[in-house]
Structures are given as structure tokens and as C-alpha cells.
Amino acid sequence: MYLPTHFKQENLPELFDLIEKNPLGSLMVTYDGEIEANHIPFELDRSAGKSGLLRGHIAKANPLFTLLEQVQSAYVIFHAEQSYISPNWYPGKFEHHREVPTWNYRVVHVKGAIRKIEDEKYLRGILARLTRQHEAPQAVPWKMGDAPNDYIAALLQEIVAIEIEIDSIVGKFKVSQNRSTVDATSAANALQNQSPEMAESIRKFYPR
């Protein structure tokens with residue numbers, strides 16, 4: 001990843017926060033010159049390993065299930081808010097017109113050792129925790145026990161747990177840090193209604 005110093009984010013709690021708020025990761029492995037890509041909702045365990053642990057599940061019908069007999073490393077990208085930035089939001093545009101559009105975004109890239117775990121109890125634990133987390137906003141949260149036991153048991157036979165022990169983790173928080181304070185403030189104000197998350201990130205991560 002191209003990573004200018006002013007966009008590099010290495011604060012681990014901030015990186016973990018991004019993953020937990022945006023848990024759908026783009027998981028990639030390479031094998032025999034090809035890239036196998038999948039999109040997996042992950043559970044993050046901040047305390048496991050040296051830099052955290054990701055847990056999830058895949059279908060046994062997924063080609064990745066077989067590839068994990070040989071593949072041992074993975075790359076995962078987590079995306080947070082993103083937004084187009086118009087030159088019209090920079091005060092200087094109206095003076096010298098030497099401005100062009102750009103795009104702001106926040107991402108976290110993770111590398112680590114990947115493996116599948118064929119243990120039903122372990123798998124049930126992952127599913128139960130993911131369900132509790134993402135059902136929490138519901139007025140009446142769904143839980144695994146709401147479905148018939150035989151139905152859940154049959155589905156469990158079709159999936160397998162995976163985990164990725166994080167070896168390296170880095171963020172690219174491109175939120176106008178390369179602009180003047182006036183430009184960054186103006187962009188944040190312009191985004192307040194259409195992308196309040198990006199407006200907040202510009203204000204939070206702009207150099208002080």
C-alpha cells in the first residue's frame with residue numbers, strides 16, 4: 001500500500017476501533033499465482049497474540065476451505081468511512097484555481113497466519129458472539145436458540161471456523177492531513193451533512 005507518512009496510522013487502539021466498527025473484512029490469500037478474495041465479518045480479540053486475533057467462518061463449499069490445506073498467510077483490509085473531496089471546498093480555489101479533486105478514506109491492512117479450526121464448539125462460540133454484537137441494536141435481538149436445533153446443526157456442518165493471528169497491522173487514514181488548517185476545516189464543514197463520519201475524522205485526526 002502506498003503510505004505517505006502523514007497518512008500513516010499506527011495507534012493500535014485506533015486501528016482496533018476501526019475494525020470493530022467495520023468488521024466486514026476483504027480477506028485475500030494467494031496460491032499458484034492467483035488471488036482468492038472473500039468478504040468475511042470478523043470478530044476481533046484484542047488481547048490474543050502479539051497484535052490481536054481475528055475470528056470468522058467460511059462455507060466448506062468456498063474454494064478457500066481447500067486452499068487452507070496449503071495456504072498459511074492472509075491479508076485482510078477493513079474499510080471505514082470514505083468521501084469525495086471537491087476543490088470547491090478549498091478557499092484557495094477561488095483565488096488561484098490550482099486545486100483538484102481527491103478522495104478521503106480510512107482503512108486498516110492486516111497480515112497474519114491463517115488457519116481453519118474444525119471444532120463445532122469453537123465455531124458456535126464465534127457465531128454466538130457475532131450474533132450478540134450485531135443484534136444488540138434490535139428491539140428484540142435474534143439469538144441462535146430462536147431457530148430449531150436440527151436446522152442450526154445442519155448449517156454448522158456446512159461451515160468452518162477460521163482465525164488469523166495478526167503479525168502486522170497498519171492504517172491509512174487519509175483525512176486531509178496534507179492540507180492547510182483552513183482547507184481541512186472547510187472540507188470538514190462541507191461534509192457535515194453528507195458524510196458526518198468523515199467530517200468527524202478530519203477534525204479528530206488532523207495534526208494539532
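These are my notebook entries on what I looked up in this predicted model.

**Ground rules**

I number residues from 1 along each chain as its sequence is written, and I use heavy atoms for side-chain values, with hydrogens and water left out. Because the model is predicted, local features need pLDDT of at least 70 and side-chain atom pairs count only at pLDDT 80 or more, while totals for chains, interfaces and linings use all residues.

**Overall layout**

I began with the secondary structure. The protein has seven helices and eight strands. I take both as DSSP runs, numbered from the N terminus: helices are H or I with at least four residues, strands are E with at least two. The C-alpha trace spans about 70 × 45 × 30 Å along its principal axes.

Next I checked burial. Of the 208 residues, 45% are buried. Buried means under 20% relative accessible area, exposed means over 50%, and partly exposed lies in between (1.4 Å probe, protein chains only). The accessible surface comes to about 11800 Å², and carbon and sulfur atoms hold 51% of that. I note that these areas come from the Shrake-Rupley method with a 1.4 Å probe, and for residues only the protein chains shown count as cover.

Then I looked at contacts, meaning heavy atoms within 4.5 Å. Among contacts between residues at least 6 apart in sequence, 77% join residues at least 24 apart.

**Largest pocket**

I searched for open space on a 1 Å grid over the protein atoms alone. A pocket is an open set of points where a 1.4 Å probe fits, with protein on both sides within 12 Å along at least five of seven lines; lining residues have an atom within 4 Å of a point. Grid points are joined across faces, edges and corners, and a volume is the space filled by probe spheres set on the points.

The largest pocket holds about 230 Å³ of space. I found 13 residues in its lining, with Lys21, Glu81, Arg106, Glu200 and Ser201 nearest the centre. Which elements supply at least two residues each? They are helix 1 (12–21), strand 6 (73–85) and helix 7 (196–205). Helix 7 gives the largest share, five residues.

I sorted the lining by type. Three residues are nonpolar, two polar and eight charged. In this scheme Ala, Val, Leu, Ile, Met, Phe, Trp, Tyr, Cys and Pro are nonpolar, Asp, Glu, Lys and Arg are charged, and the others, Gly among them, are polar.

**Second largest pocket**

About 170 Å³ of space lies here. Its lining includes His57, Leu127, Trp142, Met144 and Ile159. Helix 4 (120–135) and helix 5 (149–156) each supply at least two of the lining residues. I count by type again: eight nonpolar, two polar and no charged.

**Aromatic pairs**

I paired rings of Phe, Tyr and Trp (its six-membered ring) if their centres lie within 6.5 Å; planes under 30 degrees apart are stacked, over 60 edge-to-face, and the rest tilted. That gives three aromatic pairs.

I looked up Phe42 and Phe78. Their ring centres are 6.0 Å apart and their planes stand at 70 degrees, so the pair is edge-to-face. Phe42 sits in the loop between strand 3 (34–41) and strand 4 (43–45) and Phe78 in strand 6, so the pair ties together parts 36 residues apart in sequence. Phe42 is buried at 2% relative accessibility, and Phe78 is buried at 0%.

Another pair is Tyr84 and Trp103. With centres 5.6 Å apart and planes at 70 degrees, the pair is edge-to-face. Tyr84 lies in strand 6 and Trp103 in strand 7 (residues 102–117), so parts 19 residues apart in sequence are tied together. Tyr84 is partly exposed at 38%, and Trp103 is partly exposed at 43%.

**Single residues**

Ala59 lies in strand 5 (residues 53–59) and is partly exposed at 36% relative accessibility. Leaving aside neighbours within four places in sequence, Ala59 contacts Phe65, Glu158 and Ile159. Ile159 also lines the second largest pocket. From Ala59 to Ala161 I get 9.0 Å, C-alpha to C-alpha, across 102 residues of sequence.

I then checked backbone angles. Most residues other than glycine have a negative phi. His97 has a positive phi, near 60 degrees. His97 is in the loop between helix 3 (93–96) and strand 7 and is exposed at 52%.

Ser176 has a positive phi too, near 70 degrees. Is Ser176 buried or exposed? Ser176 is buried, with a relative accessible area of 2%. Its place is the loop between strand 8 (159–174) and helix 6 (181–191).
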